[in-house]
Every structure is written in C-alpha cells, then in structure tokens.
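User: I would like a close look at one part of this protein. Please keep the wording plain.

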Amino acid sequence: MRDGDADAFAELFTRHRRAATRLAAMYADDTHTAQDYVAEAFSRVLQALRSGGGPSSSFRSYLLKVLRNVVAEWGRNAGRQVYVPDVSLYEVECAASAGYEALKNYENGLAIEALASLSDRWRTVLWFTIVQSQQPAAIANSMGISPNSVAALAYRAKEGLRQAYLTVHLGQWRYHGQCSGYVRRLAAYSRGRLSECASEEVALHVEECGACSRLYQEIDELNSLFRA
C-alpha cells in the first residue's frame with residue numbers, strides 16, 4: 001500500500017472489515033451507523049498511509065483504535081456522550097484499578113455473552129473483585145476458601161473471561177466439521193494456555209487450513225490488545 005498499490009488496501013479491507021464491523025456494532029444503534037463508523041475508520045487509515053503515517057504492523061489493532069476514536073468524536077459532535085469501552089479493561093489483574101467502568105463495559109453484547117459462558121463460581125469471584133473492588137481477604141469467608149485461593153481463583157476467572165471474549169468474537173458456533181474443534185481452541189492457543197501437544201496440533205492445522213489461519217490472525221491481533 002505504501003508503494004502505491006491500490007489493490008493492497010482492498011486486500012486489507014477484505015481481511016479486516018468483519019472485525020471492524022463487529023466492534024462498530026457494539027456502539028451503534030443500527031446497522032447503517034455501524035457501517036458509517038467502519039467506512040470512516042478505513043478512510044482515516046487510508047489517508048494516514050497515503051501521507052506516510054499509519055501502522056507499519058498490527059494493522060487491525062490500529063484500525064480498531066481509529067474506529068473507537070471515530071465513535072467518540074462523532075458522539076461529541078452530535079451533542080451526546082457515547083461511552084467507548086476499551087477491551088483492556090477486561091484484563092485488569094488488580095481489582096482496585098477496575099471498579100465501575102468495568103461494570104459499564106459488561107453491558108456490551110460480546111462481553112455479556114462471554115461472561116455468561118463462565119461458571120457460576122468464576123462469575124461470583126469476578127463480581128466481588130472487579131465490580132465491587134473487594135480484596136481477597138474480604139471475600140474469603142463468604143466463598144469458603146482462603147484469601148490465597150480467592151486470588152488464584154480470580155486470576156483463573158479473569159483469564160477465562162479473556163479467552164471467552166476472544167472465542168465469542170469469532171462466533172465459533174458458525175463453524176462445523178473438522179475445523180470446529182480447532183476454532184474452539186484458538187483463544188486458548190493464542191493466549192498460550194494449551195499444552196505443548198495440543199499447541200502443536202493446533203499450530204499444524206492453522207498452518208494447513210487457510211480459513212483457520214485467517215481466524216487465528218484475527219483473534220491473535222485482537223488478543224494483542226490484552227496484556228499477557
């Protein structure tokens with residue numbers, strides 16, 4: 001694209017339009033507004049590239065950040081405040097740094113669906129530690145475990161929420177046959193949470209399957225918005 005190949009940007013649009021549309025749908029009240037968000041975001045990235053700026057790698061991460069800026073900017077210009085969530089809020093390891101803003105983000109469709117897929121015990125500890133900002137020692141008795149066990153449980157639950165969010169983002173229920181089993185494990189694979197044997201199996205399939213390779217690229221770039 002930087003060398004003036006117009007077809008290159010068309011390829012970038014084809015690869016990343018779906019991810020941008022999914023994110024835009026979280027903010028828009030209707031499909032047409034979501035499409036406008038996506039079109040404006042791609043237009044701004046194109047202008048940045050033509051002027052010598054823009055991303056040199058991680059195109060999707062850059063695009064999604066631009067899209068969130070578009071939503072916030074248009075909301076201000078329309079005279080109304082539009083809350084633009086940042087998925088990094090779901091990665092918080094310290095409960096004291098989360099609080100009410102994290103609760104507001106759970107109202108977004110993908111996050112709600114991801115949260116609903118977790119066990120009751122994981123949802124409970126996430127509620128106490130993230131929403132209510134309680135420390136492990138304060139909730140140990142109510143959960144019937146030690147403070148150290150609460151902290152470990154909270155860590156597993158937060159990691160589970162990250163993986164669930166990534167999996168929901170892919171819409172794994174749409175994939176059937178041989179690929180379905182691999183798609184279900186892409187989130188854990190991207191997060192480095194599979195065993196060595198399972199990782200090798202998924203890596204081999206991703207290398208051989210074009211569709212799953214594109215899905216992995218999509219989820220891996222989205223995963224880059226989280227800390228390890």
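Which helix supplies the largest share of the lining of the largest pocket?

Analyst: The model is predicted. Helix 12 gives the largest share of the lining of the largest pocket, with five residues. The pocket itself has a volume of about 220 Å³. Eleven residues line the largest pocket, and those closest to its centre are Thr14, Arg15, Arg18, Arg214 and Glu218. Helix 12 spans residues 210–223, and helix 1 spans 6–27; each of these two helices supplies at least two residues of the lining. Sorted by class, the lining holds six charged residues, three nonpolar ones and two polar ones.

Next comes the nonpolar core. The largest one has 54 residues, and Phe59 and Leu67 are those with the most contacts inside it. Helix 8 gives the largest share of this core, ten residues. Leaving out residues up to four places away in sequence, Phe59 touches Phe9, Leu12, His16, Phe42, Val45 and Leu49.

Helix 8 covers residues 147–170, and Glu159 is located in it. Glu159 counts as buried because its relative accessibility is 6%, and the cut-off for buried is under 20%. The side chain of Glu159 makes a polar contact of 3.0 Å with the side chain of Gln163. Beyond residues up to four places away in sequence, Glu159 touches Arg191 and Arg193.

To return to the request, the answer is helix 12, with five residues of the pocket lining.

Notes: Residues numbered from 1 in each chain as written. Predicted model: local features only at pLDDT ≥ 70, side-chain atom pairs only at ≥ 80, totals over all residues. Heavy atoms only, no water. Helix = DSSP H or I, 4+ residues; strand = E, 2+ residues; numbered from the N terminus. Buried < 20%, exposed > 50% of the residue type's maximum accessible area, 1.4 Å probe, protein only. Polar contact = N/O pair within 3.5 Å; in protein donor to acceptor, adjacent residues only side chain to side chain. Contact = heavy atoms within 4.5 Å. 1 Å grid on protein atoms, 1.4 Å probe; cavity = no way out; pocket = protein on both sides within 12 Å on 5 of 7 lines; lining within 4 Å. Points joined across faces, edges and corners; volume = space filled by probe spheres on them. Nonpolar A, V, L, I, M, F, W, Y, C, P; charged D, E, K, R; others polar. Core = buried A, V, L, I, M, F, W, Y, C linked by side-chain atoms within 4.5 Å.
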